[in-house]
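Colleague: I would like a close look at a single part of this model, with the cut-offs spelled out as you go.

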Amino acid sequence: MNPLLQVRQFGQQIWLDNLSRTLLNDGHLARFINEDGVTGITTNPAIFHKAISGGRYYEDDLARLKQQPMSAEARYEGLVIPDVQRACDLLAPLFRDSGGEAGYVSLEVSPALAHDAAGTLAAGLRLKTAVNRPNLLIKVPATRAGLVAIEELVAAGISVNVTLMFSLTHVDAVAQAYVRGLERLRAQGGDLRSVMSVASLFLSRVDTLVDKQLEALAADTPARPGRTAVALARLAYQRYRARFHGEGFANLRAAGARPQYMLWASTGTKNPAYSDLLYVEPLIGAETVNTLPDATLDALRDHGKAAASLELELDQAQAQFAALAAAGIDLEAAGERLQQEGLAQFEQAFSALLELTA
């Protein structure tokens with residue numbers, strides 16, 4: 001059996017971390033959905049820059065848009081919103097049949113708004129209206145301003161994908177913002193069932209940074225390279241289980257609210273010495289999402305092994321965290337650094353995008 005389909009038997013969704021008109025027009029995305037069981041799509045500025053700069057299906061529309069008196073950002077949105085709408089429509093039957101548990105497409109607000117709560121909220125509301133699909137997730141970074149906007153969007157009944165999380169502190173803060181938004185939505189008489197949220201924890205970048213810090217240590221340590229990100233995800237999932245399946249969420253759940261699923265992001269292995277499925281096979285569990293770039297999706301289909309693995313070796317995960325702390329490696333500081341670096345990368349990609357559409 002296709003391992004991509006087997007994963008779903010353990011309660012995990014596989015999403016594609018890519019979107020382009022080539023995928024849409026050439027039928028690749030439809031095959032991923034129909035044959036591989038892909039149940040959602042994530043996008044970001046880097047993905048769209050690659051699609052527009054290298055895709056043969058954008059040239060005519062871009063030339064037409066450049067004849068119109070509009071901003072470079074408006075032209076960019078004029079190119080990608082139709083793609084997002086088509087992807088939403090491809091996934092609409094799954095969205096409907098799953099009762100809103102699956103079938104989502106994510107679209108990110110401008111990275112330039114990462115520290116602007118009001119601007120992020122306005123952009124999220126505008127993009128939600130422009131796409132006009134119930135299975136859209138507005139993608140917002142887990143910055144301090146982003147947390148404010150996340151709460152406001154959820155309180156307005158908007159589904160959200162929270163991006164650029166790199167630590168347990170990020171995980172807790174994002175979940176709290178989501179719950180606050182749900183509580184406000186319920187107080188206003190809103191439909192809690194209409195809101196979906198995923199919290200995207202980035203993995204490979206964590207190992208890349210921590211491995212460098214371990215390599216620089218003169219003293220011996222039981223902390224092992226290539227183990228921190230999987231440990232982080234497993235410990236984050238334990239917090240998810242305690243929060244969303246505990247008494248604190250019971251009243252919201254009874255009112256129709258959904259848990260905020262953990263999503264594993266940055267799952268393409270960067271170190272060639274590690275398994276190409278390092279951030280896939282050990283992290284399969286119920287009520288989670290793994291978003292895979294094309295190469296990692298192909299690897300899972302080709303030689304992946306599916307098993308309920310996410311709640312295994314929790315003692316080893318705790319031991320890895322304890323060993324890192326004892327060695328003087330501050331994972332919370334690493335998380336803040338990685339978030340800032342991730343924001344800078346997305347801002348660069350977005351600036352390059354706007355150069356294409358200027």
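Predicted model: local features only at pLDDT ≥ 70, side-chain atom pairs only at ≥ 80, totals over all residues.

Modeller: Residues are numbered from 1 along each chain as its sequence is written, and side-chain values use heavy atoms, with hydrogens and water left out.

The cap of α4 is N44, which places a side-chain oxygen 2.9 Å from the backbone nitrogen of A46; a polar contact here is a pair of N or O atoms within 3.5 Å, where within protein one must be able to donate a hydrogen and the other to accept it, and residues adjacent in sequence count only if both atoms are side-chain atoms. The helix itself covers residues 45–54, helices being DSSP runs of H or I with at least four residues and strands runs of E with at least two, numbered from the N terminus.

Within α4, the residues P45, I47, F48, A51 and I52 are buried, a word that stands for under 20% relative accessible area, with exposed meaning over 50% and partly exposed in between (1.4 Å probe, protein chains only). These buried residues line one face of the helix, because they fall within an arc of 155° when α4 is seen down its axis; the arc is that of the directions from the helix axis to the C-beta atoms. As background, an α-helix has 3.6 residues a turn, so residues three or four places apart point the same way. On the face of α4 turned away from the buried side are the exposed residues K50 and G54.

As for the surroundings, the buried residues of α4 pack against α6 (72–97), β3 (104–108) and α15 (331–357), where contact means heavy atoms within 4.5 Å. Of these partners, β3 belongs to a barrel that 8 strands close in the order β1-β2-β3-β4-β5-β6-β7-β8, with parallel pairing. Strand β3 pairs with β4 (residues 136–141) in the parallel sense over 4 bridges, two strands being paired if DSSP finds at least two bridges between them, and L107 stands opposite I138 in β4.
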